[in-house]
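Open the model in your viewer and keep the selection panel at hand. Each stop below says what to select next and what is there.

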Amino acid sequence: MRERPMKNKNNHSENTDSPGKISRKAFLRLSIGSAAAISLGSLAGCGGGARKLRFNDFNQVMVELALIENNLDTLEMQQEWSLYKVLTHLAHTVEGSWKGFASYDSNAQQAVQYVAFAAFVAQGYMSHNLTAPVPSLEGEIADDGPLVEAFDKLRNAITYFQNNLTAESELYEHFAYGKLSYQEWEWANTFHAADHFSSLTY
């Protein structure tokens, strides 16, 4: 990944030099209809095998987070990472919207990855490498740690986003997708959480 100097939020780049990036208007036309069709919420449990969760806002993530916490005695991880690492990883990605990241993909990579993100929005979910790290300012995540802290970290990150940021806020770029609006940031994070949570059962 190419290192970039950390940017003050008030100095946030518009990233208009990314070649091939679809226009905001085209993206919104693509996404509005599909977002309305996204299934609300998730099933409260499952009978085995990977689930196919669909979230389109942070409230749905919070509901699933509570269900996971209340079913820890029967929880099975169907991915390589521990629950602690998954929750902390998700929190770091949410926090990136107002804290920034340690490094960013090149403009050319972001342009291609933003088109993939638009496709995720069109279909209402994302699929990604569940062991791909996020270049968080906090560095590498430990393989295991206190679960209570991990649950609190993700809840606090979501609550901060909901209560302190708005559509008018100056947000940092996403390290992979580039400049995102408030709504796009919420979708990026809720789709991300749904993909990870689909690979655990209780």
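Of the contacts in the protein with a separation of 6 or more, what percentage comes from residues 24 or more positions apart? In this predicted model, such residues account for 84% of those contacts.

**Whole chain**

Start with the cartoon view. Trace them from the N terminus: the order is α-α-β-α-α-α-α-β. The accessible surface comes to about 9,600 Å². Carbon and sulfur atoms hold 52% of that surface. The protein has 202 residues, and 49% of them are buried.

**Helix α3**

Select residues 83–99, which form α3. Is this helix enclosed or open to the outside? It is largely enclosed by the rest of the structure, because 16 of its 17 residues are buried. Next, check its length between the end C-alpha atoms. They are 23 Å apart. At 1.5 Å a residue, the 17 residues of α3 should span 24 Å, so the two values agree. Step past the end of the helix to Gly 100. Gly 100 follows α3 and has a positive phi, near 85°.

**His 196**

Move on to helix α6, residues 182–197, and pick out His 196. How much relative accessible area does His 196 have? The value is 0%, and buried means under 20%, so His 196 counts as buried. Show its neighbours, leaving out residues up to four places away in sequence. His 196 touches Gln 79, Trp 81, Val 86, His 89, Leu 90, His 128 and Leu 130.

**Largest pocket**

The largest pocket holds about 340 Å³ of space. By type, the lining of the largest pocket has eleven nonpolar residues, eight polar and one charged.

**Second largest pocket**

For the last stop, select Arg 51, Lys 52, Met 126, Asp 195 and Ser 198. They lie nearest the centre of the second largest pocket, which is lined by 15 residues. Its volume is about 180 Å³. What kinds of residues make up this lining? Seven are nonpolar, four are polar and four are charged.

Terms used:
Residues are numbered from 1 along each chain as its sequence is written. This is a predicted model: local features need pLDDT of at least 70, side-chain atom pairs count only at pLDDT 80 or more; totals for chains, interfaces and linings use all residues. Side-chain values use heavy atoms; hydrogens and water are left out. Helices (H or I, at least four residues) and strands (E, at least two) are DSSP runs, numbered from the N terminus. Buried means under 20% relative accessible area, exposed over 50%, partly exposed in between (1.4 Å probe, protein chains only). Contact means heavy atoms within 4.5 Å. On a 1 Å grid over the protein atoms alone, a cavity is a set of points where a 1.4 Å probe fits but cannot get out, and a pocket is an open set with protein on both sides within 12 Å along at least five of seven lines; lining residues have an atom within 4 Å of a point. Grid points are joined across faces, edges and corners, and a volume is the space filled by probe spheres set on the points. Ala, Val, Leu, Ile, Met, Phe, Trp, Tyr, Cys and Pro count as nonpolar, Asp, Glu, Lys and Arg as charged, and the others, Gly among them, as polar. Accessible areas come from the Shrake-Rupley method with a 1.4 Å probe; for residues, only the protein chains shown count as cover. The expected span of a helix is 1.5 Å times one less than its number of residues.
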